[in-house]
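I opened this structure to look up a few local points and write them down. The notes follow in the order I took them.

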Amino acid sequence: MTDNCLFCKIIAGEIPGKFIYEDDRVVVLQDIAPQAPHHYLVVPRKHIRTTLELTAEDNELVGHVYQVASRLAEKHGFAKEGFRVVNNCNEGAGQTVWHVHFHLLGGRTMTWPPG
Ligand code: 5GP
Ligand code: ZN
C-alpha cells in the first residue's frame, strides 16, 4: 500500500470499486469511465508506478495479467470477436493513475492506429 495511490486505496477497500475478479496477485475493476461496452482494469496488487519500473521479478506477474485478461474476455463473451489489452506508460501515452494497470477493452469494433 502506497500513500495517496488511488488503486492502492481501492485495493485496500478505502475507496469503493467494482471488482469483477480478484486473486492473490491482481484485482480487476470496472473502469469508472468505460471506453467500450466492456472496459476493465487489470491491476497488480503490488504497487509499481509505471511499466518502466517493472523488473525481471515481475515477469510472471505480467504473464498472469494476460492470462486473467484472456479468461475474462472468454467468460464475458467478447474474446472471439476481438479485444484489446492496453497499458499506457507516462503522460504522453495517456497514463493518469500512477499504479501500473492494463485496460481490457472489448464489445465493439476497434480502430487502428489508436489515438
Ligand atoms: P490510465 O489513464 O492511467 O491509463 O487509466 C486510468 C483509468 O482509471 C482510466 O480509464 C480511468 O477512467 C480509470 N479511473 C480513474 N479513477 C477511477 C476510479 O476511482 N475508479 C475506477 N474504477 N477507475 C478509475
Ligand atoms: Zn498503488
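I started with Asn90 and asked how accessible this residue is. Its relative accessibility is 32%, so I put Asn90 down as partly exposed; the cut-off for buried is under 20% and for exposed over 50%. The model is a predicted one, and I read every value with that in mind. Asn90 sits in the loop between S4 and S5. I noted its backbone too: phi is positive, about 75 degrees, although Asn90 is not a glycine. Most residues other than glycine have a negative phi, so I flagged this.

I then looked at Asn4, which is not a glycine either and has a positive phi of about 60 degrees. Asn4 belongs to the segment before helix H1 (6-11). With a relative accessible area of 70%, Asn4 is exposed.

One peptide bond also went into the notes. Trp112 and Pro113 are joined by a cis peptide bond, with omega at about 0 degrees. I found Pro113 in the segment after S5. For reference, most peptide bonds are trans.

Next came the metal. The ideal value for four tetrahedral donors is 109.5 degrees.

His47 is in the loop between strand S3 (38-44) and helix H2 (59-75), and His99 is in the loop between strand S4 (83-86) and strand S5 (102-106), so the pair ties together parts 52 residues apart in sequence. Are they buried or exposed? His47 is partly exposed at 28% relative accessible area, whereas His99 is buried at 0%.

Last, I followed strand S3. I counted 7 of its 7 residues as buried, so S3 is largely enclosed by the rest of the structure. His38, Tyr40, Val42 and Pro44 point one way from S3, and His39, Leu41 and Val43 point the other way. S3 runs antiparallel to strand S2 (residues 26-30), joined by 5 bridges; Val28 has Val42 as its bridge partner in S3. S3 also pairs with S5 in the antiparallel sense, over 5 bridges, and here the partner of His39 is Leu105.

Technical notes:
Residues numbered from 1 in each chain as written. Chains lettered and ligands numbered in written order. Predicted model: local features only at pLDDT ≥ 70, side-chain atom pairs only at ≥ 80, totals over all residues. Heavy atoms only, no water. Helix = DSSP H or I, 4+ residues; strand = E, 2+ residues; numbered from the N terminus. Buried < 20%, exposed > 50% of the residue type's maximum accessible area, 1.4 Å probe, protein only. Pairing = 2+ DSSP bridges.
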